[in-house]
Amino acid sequence: MPEMISKDNNDGFLIDAVKLTKKFGDITALDEVSFFLNKREVFGFLGPNGAGKTTTINILTGLSRADSGRISVAGLDCTKNPKAAQHLIGIVPDESNLYPELTGFDNLCFCASLYGIRKEERKKRAAELLDLFGLKQAGGRKFAGYSKGMKRKLTIAAGIIHHPQILFLDEPTTGIDVASARQIRQLISELPEKGTTIFLTTHYIEEAERLCDRIAFIVNGKIVRTDTVENLLQPVKGKQIMLLSVQGAAGKASAVLADAFPDFNFQYVSTDQIRIEAGTDIHLAPFVRLLDEHGIELNEAKRQVPTLEDIFVNVTGIEAKILRKESDKKRGQA
Amino acid sequence: MKKKWIAFWNILLKDMRSYYLKPPNISWGIIFPIAWIGMFFIKTGRGVEDVFDLLPGVISISVLFGTTSMLAVTVTFEKKARSFERLLLAPVSLNFLMFAKTTGAIFFGAVNAAIPVIFSLFLVDLSNVSWGIIVPAVVLIAIASAFLGLFVAVTVSEVFEAQTFSNFLRFPMVFLCGLFFPIASLPFFLRPLSYVFPLTYGVDILRGAVSGKNIMPLGLDFLIIICFCLILFYASIKNINKKWIT
Ligand SMILES: Nc1ncnc2c1ncn2[C@@H]1O[C@H](COP(=O)(O)OP(=O)(O)OP(=O)(O)O)[C@@H](O)[C@H]1O
Ligand SMILES: [Mg+2]
């Protein structure tokens with residue numbers, strides 16, 4: 001499908017990546033990946049493990065070189081000189097990589113100093129950020145003793161201490177508990193108002209949907225679709241979904257229902273469950289009656305709002321469960 | 001321009017606090033030269049007049065071991081722990097960054113050199129020594145050693161590999177560079193090897209400054225050791241570019 005969205009040139013686009021290709025031996029980590037970021041938007045890379053998300057960030061930030069392709073960041077050509085735009089960017093890597101022997105406060109001050117921020121300003125910013133991230137109490141403790149969630153928060157604070165124009169967030173909420181993840185998402189969602197443009201990678205579909213203005217689905221080093229969340233959701237807009245539980249009789253039930261309601265789309269999910277999709281309101285009463293006539297007992301009916309998950313499954317052909325399982329696994333390890 | 005010096009100073013300061021000023025390093029810097037001096041006196045059974053012969057070697061060895069071992073930590077270890085990525089992402093050039101990372105080691109090496117000198121002050125009269133030559137020579141030896149350490153640190157990926165690799169270079173240097181035995185006393189087939197190590201030239205300068213017994217013109221010594229510094233530094237930068245920015 002051709003890209004329907006044009007570059008928002010009035011505001012100027014901040015990142016323009018054209019046909020980035022990167023191989024590691026036989027593995028093609030990125031295969032002609034192209035995308036752009038407008039100013040102040042949150043752009044997300046959504047994809048499973050090994051899709052090429054981190055590789056893309058590494059190339060954009062100057063930690064890695066593409067085999068081919070072009071990159072410009074804020075109008076600076078970073079293809080030949082990967083360091084050209086480093087003063088404009090902040091990075092939150094997928095693993096917290098601050099200094100274990102330094103305190104939270106000293107870590108922040110040190111990171112700020114790398115960007116040439118003066119002492120008084122550094123201290124002020126560090127204190128502000130510790131406060132903002134709820135780490136005021138822990139500021140004087142060594143980073144090594146922080147919990148996983150605290151480490152993550154401090155790493156994000158370190159990424160924005162120099163007020164970067166562009167922030168790269170590599171899976172900001174992987175491996176931390178729900179409450180902390182929510183807090184982090186809230187903090188991230190407030191950044192664009194302050195003028196920050198965000199490039200975010202994740203394998204949480206809900207996170208992408210909640211935070212991003214536009215999303216690229218990336219699978220096996222290829223972008224399969226890029227669009228605004230709104231546009232992505234367009235095909236399922238106004239759609240109704242209902243799940244019916246019929247103990248052991250899903251096959252028979254879906255045949256019966258499909259005959260009687262040709263406008264609806266019935267899917268066999270499992271021997272116990274049918275999924276109904278329709279463009280109009282779905283009323284339950286006629287189904288109950290019809291199933292009853294055929295001696296099928298309806299145990300449960302659930303309405304569902306179609307989400308990005310349905311789109312993702314549709315576009316990539318990847319079961320959403322795979323994504324979630326992977327993230328659960330990562331959580332489990334954490 | 002000012003900004004990058006803020007980064008420079010803070011990288012240096014952090015390394016100082018985290019590594020160089022730690023008690024084990026400080027005591028090492030004191031014990032190491034004393035051990036060498038003591039060992040030679042016991043071995044040769046001679047008097048304090050030999051301090052003049054020993055001093056250049058002990059200064060060099062203190063600087064060499066002090067600097068090279070530090071880079072394995074400040075560079076290889078931080079690379080392994082991934083905090084080095086923060087530095088690679090900082091808006092300063094790679095050259096400047098490595099300059100900042102090695103300055104601490106250079107400084108540490110130079111301070112290490114002062115310890116045997118101070119120690120000798122109590123034993124002999126050093127008033128005839130040309131300090132105007134010793135000081136730049138010590139700094140150059142420290143720079144060459146730090147860059148040698150840097151080269152090792154960026155060639156390997158594990159800290160223990162860095163230690164092994166530097167020992168592989170350091171111990172032969174103790175014997176081949178004329179620190180304690182004149183190069184002329186080496187078997188003839190080993191002699192050419194002496195001249196591939198920068199330390200040979202550094203020791204020669206120190207020997208000239210302490211007792212006037214240098215074997216080459218000092219100007220040439222200085223020139224060669226500066227060349228070594230440049231080659232080692234650029235080889236290291238090239239290695240980082242090739243291996244770490246993949
Ligand atoms: N340094 C490397 N050497 C060899 N292969 C690499 C290297 N870095 C990445 N790859 C490979 O490139 C592919 C993309 O990796 P990448 O880390 O970008 O994935 P990702 O989308 O970030 O995955 P995850 O969700 O697990 O973080 C993978 O197949 C990976 O094995
Ligand atoms: Mg990744």
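The following legends describe close-up views of a predicted two-chain model.

Because this is a predicted model, local features need pLDDT of at least 70 and side-chain atom pairs count only at pLDDT 80 or more, whereas totals for chains, interfaces and linings use all residues. Residues are numbered from 1 along each chain as its sequence is written, chains are lettered from A and ligands numbered from 1 in the order in which they are written, and side-chain values use heavy atoms, with hydrogens and water left out.**View 1. Chain A in outline.** Chain A comprises 11 helices and 14 strands (DSSP runs, numbered from the N terminus: helices are H or I of at least four residues, strands are E of at least two). Along the principal axes, its C-alpha atoms fill a box of roughly 80 × 45 × 40 Å. Of the 334 residues in chain A, 51% are buried (buried means under 20% relative accessible area, exposed over 50% and partly exposed in between, with a 1.4 Å probe and protein chains only). Among contacts in chain A between residues at least 6 apart in sequence, 68% join residues at least 24 apart (contact means heavy atoms within 4.5 Å).

View 1. A:F35 belongs to strand β2 (residues 27-38) and counts as buried because its relative accessibility is 4%. Leaving out residues up to four places away in sequence, A:F35 touches A:I15, A:D16, A:A17, A:F43, A:F45, A:T56, A:L60, A:F199 and A:I223. A:Q304, 269 residues from A:F35 in sequence, lies 32 Å away in space, C-alpha to C-alpha.

View 2. A:G195 is placed in the loop between α5 (178-190) and β8 (197-202). With 25% relative accessibility, A:G195 counts as partly exposed. Its contacts, neighbours within four places in sequence aside, are with A:R40 and A:Q165. A:G195 and A:K39 are separated by 156 residues in sequence and by 8.0 Å in space, C-alpha to C-alpha. A:N220 occupies the loop between β9 (214-219) and β10 (222-228). Its relative accessibility is 62%, so A:N220 counts as exposed. Although A:N220 is not a glycine, its phi is positive, at about 50°.

**View 3. B:N10 and its contacts in chain A.** B:N10 is part of helix α1 of chain B. This residue counts as buried, with a relative accessibility of 13%. Apart from neighbours within four places in sequence, B:N10 is in contact with A:F110, A:S113 and A:R122.

**View 4. Packing of α1(B) against α3(B).** Helix α1 (residues 2-20) and helix α3 (residues 51-80) of chain B pack at an angle of about 110°, and their axes are 11 Å apart (axes are lines fitted to C-alpha atoms, for helices over the stretch in contact, and angles run from 0 to 180 degrees between N-to-C directions). The two helices, α1(B) and α3(B), are therefore roughly perpendicular (angles under 35 degrees count as roughly parallel, over 145 as roughly antiparallel, 65 to 115 as roughly perpendicular and the rest as oblique). Their crossing is right-handed (the near helix is turned clockwise from the far one by less than a right angle; anticlockwise is left-handed). From α1(B), B:K14, B:D15, B:Y19 and B:Y20 meet B:M70, B:V73, B:T74, B:F77 and B:E78 of α3(B). In the loop between α3 and α4 (84-89) of chain B is B:R82, a residue other than glycine with a positive phi near 70°.

View 5. The axes of helix α5 (residues 94-121) of chain B and α6(B) come within 8 Å and cross at roughly 135°. These helices, α5(B) and α6(B), are therefore oblique to each other, and their crossing is right-handed. The contact involves B:M98, B:T102, B:A105, B:I106, B:A110, B:A113 and B:V117 of α5(B), together with B:W131, B:V138, B:A142, B:I143, B:A146, B:F147 and B:L150 of α6(B). Helix α6 (residues 131-155) also packs with helix α10 (residues 218-243) of chain B, at an angle of about 25° and with axes 9 Å apart. This makes α6(B) roughly parallel to α10(B), and the crossing of this pair is left-handed.

**View 6. The bend in helix α7(B).** Helix α7 (residues 159-176) of chain B has 18 residues and reaches 26 Å from its first C-alpha to its last, close to the 26 Å expected at 1.5 Å a residue (the expected span is 1.5 Å times one less than the number of residues). At B:N167, α7(B) bends by about 25° (the angle between axes fitted to the seven residues ending there and the seven starting there). Buried residues in α7(B) are B:A162, B:S166, B:L169, B:R170, B:M173, B:V174 and B:L176. Just after α7(B), B:G178 has a positive phi of about 75°.
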